[in-house]
Amino acid sequence: GGLIFVKVHLVDGTYELFRHYFALPDHLDEEGVDIGAVRGVVRSVIGLLEEGVTHIGVATDSLVESFRNQLWDGYKTGDDMDPVLWAQFPLLEESLSALGVEIWRGLDLEADDMLASAVAVALADERVDEIVICTPDKDLAQCVSDPRVVQFDRRARVRYDETGVREKFGVGPKSIPDWLALVGDAADGFPGLPGWGAKSAAAVLSRYEHIEAIPASVDEWDVPVRGAAKLAATLVERRVDAELFKVLAQLRIDGEVGSVDDWRWIKPKPEFESWVSRFGQDDLLARVEAITVA
């Protein structure tokens, strides 16, 4: 028998929880605990299964802090997160696990690192012909790779292949950590280099690809960019910062995510039933039971 081709879906659970938290009204369970966002994400994952998704993993940031906080003082923490949202992370992990979905919790790594690790595992498996990373997060654009890895923004219904990444950022996937290092990433809490904006970073990196390859002397630059002398001087002066920011932006691929076979969805665990009644959404059980597993 020939290989049976597999399509893998990797879901950014942290993003999904935020998105549903800000989009949906609160929903209190009988104990008065807000589970509105959790309920929304679980419904949304069931929607993917109903669309025929067979192999799925969800990454979450149960801790928020990671090895990056040791490297850069200003790196994002969970301090300013709404406690009501924060309290829903463990509930999301438990309910999705009860649904029978593979969950990856980063301990010293972030959800994005776990997704990147899963991409690496899936790429190494020749049965996998498509890997769909479900998140709009800029960081994950670095994992896009033709023809097998695409990024999919479910809310906007936009798919990004390498050309799509290039159209959006002005650089290809391999240069995304360099681009973020120069431009900064407000969501993650590092500032980039003064004077470097999205356009100048894209212009220089589309020529040199990586920060390390950008000549120190502006006389050697063969790329027309406004204020080149100042940009070159800043890069020389702040190279240590640029290299550190690149480390912050570069996703790790050594997270423990198991194998592709572990990600195959088969059926919910018995405890999913109590989550359904806690959610107050009895239709969910029937919906899940109606999903036929190939």
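## Pockets, cores and cysteines

The second largest pocket is lined by 21 residues, and those nearest its centre are Q142, C143, V144, P173 and K174. The model described here is predicted. This second largest pocket holds about 450 Å³ of space. At least two residues of its lining come from each of α6, α7 (162-169) and α9 (198-208), and α6 supplies the largest share, four residues.

The largest pocket has a volume of about 590 Å³. Its lining has 25 residues, of which T14, F18, K76, A187 and D188 are the closest to the centre. The most comes from α1, with four residues.

The table sets out the make-up of the two linings.

| Pocket | Nonpolar residues | Polar residues | Charged residues |
|---|---|---|---|
| Largest pocket | ten nonpolar | four polar | eleven charged |
| Second largest pocket | eleven nonpolar | six polar | four charged |

The next topic is the nonpolar cores. The largest nonpolar core has 39 residues, and I56, L99 and F272 have the most contacts inside it. Two or more of its residues come from each of the helices α1 (13-23), α2 (36-50), α5 (88-99), α12 (272-279) and α13 (283-289), and from each of the strands β2 (55-60), β4 (128-134) and β5 (149-153). Of these elements, α2 gives the largest share of the core, eight residues.

Which residues does L99 touch, leaving aside those up to four places away in sequence? L99 touches V42, V45, I46 and L49, and also W265, K267, P268, K269, F272 and V288. A second, separate core has 33 residues, including F169, A202, A228 and L231.

The last topic is the cysteines. How many disulfides does a search of the whole structure find? The search finds zero. A disulfide needs the pair of sulfur atoms to be within 2.5 Å. Seen from C143, the closest cysteine sulfur is that of C134, again at 13 Å and too far for a bond.

Are C134 and C143 buried or exposed? C134 is buried, with a relative accessible area of 2%. C143 also counts as buried, at 13% relative accessibility. C143 is also one of the residues nearest the centre of the second largest pocket.

How values were computed: Residues numbered from 1 in each chain as written. Predicted model: local features only at pLDDT ≥ 70, side-chain atom pairs only at ≥ 80, totals over all residues. Heavy atoms only, no water. Core = buried A, V, L, I, M, F, W, Y, C linked by side-chain atoms within 4.5 Å. Buried < 20%, exposed > 50% of the residue type's maximum accessible area, 1.4 Å probe, protein only. Contact = heavy atoms within 4.5 Å. 1 Å grid on protein atoms, 1.4 Å probe; cavity = no way out; pocket = protein on both sides within 12 Å on 5 of 7 lines; lining within 4 Å. Points joined across faces, edges and corners; volume = space filled by probe spheres on them. Nonpolar A, V, L, I, M, F, W, Y, C, P; charged D, E, K, R; others polar.
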